[in-house]
Amino acid sequence: MDFATADLIDDYGDELRSCETQFRRYGARARFAGPVSTVRCLRDNGLVKAALNKPGEGRVLVVDGAGSLASALMGDMIAAAAVRNGWAGAVVHGAVRDVVALRGLDFGVKALGSNPRKSAKDGTGQVDVPVSFGGVEFRPGDWLYADEDGIVLAGRRLPGT
């Protein structure tokens, strides 16, 4: 994909929503985009694992972990499954783990931080519901664009992207 979020903001202005949360990059892909799917969960990555083990078709999984850094919501095995299943990336409003391995995967990963602690695997939470953080709402089906400058959202796929 050839885009820059700063250029998208310049070209589309108020049509785009810009996430204010400052994420760290963990995956090998610095730039990724795709339609949004969501998971809302707290210290339980069962739904994250289930989602990323299904065909991704170029989508981006947005995980609202309530900003908790108490345990990781994604690690190398779940991210590797996402790569195999055609996901473009994941934005985790929480922690990840296995950061050295994540750096080697052709996958976009943005998260608040890392923690080696595993999360629960009970599958509690919600899938494909609107989630909010960083001053924006992430709605299933929106288009997410992420690069080194940040994350922007559009209600549609933007021309040329």
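I call a residue buried under 20% relative accessible area, exposed over 50%, and partly exposed in between, with a 1.4 Å probe and protein chains only. By that scale Arg97 is partly exposed, because its relative accessibility is 22%.

**Entry 1. Basis**

I worked on a predicted model, in which local features need pLDDT of at least 70 and side-chain atom pairs count only at pLDDT 80 or more, while totals for chains, interfaces and linings use all residues. Residues are numbered from 1 along each chain as its sequence is written, and side-chain values use heavy atoms, with hydrogens and water left out.

**Entry 2. Salt bridges**

I counted a salt bridge wherever a side-chain nitrogen of Lys or Arg lies within 4 Å of a carboxyl oxygen of Asp or Glu. The search of the whole structure returned six salt bridges.

I looked up Arg97 again here: its side chain meets that of Asp98 in a salt bridge, at 3.6 Å from N to O. Asp98 is partly exposed, because its relative accessible area is 29%.

I next examined Glu15 and Arg156, whose side chains form a salt bridge at 2.7 Å, N to O. This pair links distant parts of the chain, 141 residues apart: Glu15 is in the loop between α1 (5-12) and β1 (17-18), and Arg156 is in the segment after β12 (150-154). For these labels, helices (H or I, at least four residues) and strands (E, at least two) are DSSP runs, numbered from the N terminus. Glu15 counts as partly exposed at 34% relative accessibility, and Arg156 is also partly exposed, at 36%.

I then turned to Asp142 and Arg17, which meet in a salt bridge at 2.3 Å, N to O. Asp142 lies in the loop between β10 (136-138) and β11 (143-147) and Arg17 in strand β1, so the pair ties together parts that are 125 residues apart in sequence. Asp142 is buried, with a relative accessible area of 5%; Arg17 is buried as well, at 19%. I noted that a network of salt bridges links Arg17, Glu137, Arg139 and Asp142.

**Entry 3. Aromatic rings**

I paired rings of Phe, Tyr and Trp (its six-membered ring) if their centres lie within 6.5 Å; planes under 30 degrees apart count as stacked, over 60 as edge-to-face and the rest as tilted. The whole structure holds four aromatic pairs.

One of them joins Phe3 and Tyr145 edge-to-face, at 5.3 Å centre to centre and with 80° between the planes. Phe3 is in the segment before α1 and Tyr145 in strand β11, 142 residues apart, and the pair thus links distant parts of the chain. Both Phe3 and Tyr145 are buried.

The rings of Phe23 and Phe133 have their centres 6.0 Å apart and their planes at 70°, so I recorded this pair as edge-to-face. It too links distant parts of the chain: Phe23 is in the loop between β1 and β2 (24-25), and Phe133 in strand β9 (residues 131-133), 110 residues apart. Phe23 and Phe133 are both buried.

Returning to Phe3, I found that it forms one aromatic cluster with Trp143 and Tyr145. Arg31 lies over the face of Phe3, at 5.7 Å from the ring centre. A charge sits over a ring if NZ of Lys or CZ of Arg is within 6 Å of the ring centre and within 35 degrees of the ring normal.

**Entry 4. Backbone**

Most residues other than glycine have a negative phi. I looked up two residues against that background.

Arg43, which is not a glycine, has a positive phi of about 55°. Arg43 sits in the loop between β3 (32-40) and α2 (46-52) and counts as partly exposed at 45% relative accessibility.

Glu57, also not a glycine, has a positive phi of about 50°. Glu57 is placed in the loop between α2 and β4 (60-64) and counts as exposed at 67% relative accessibility.
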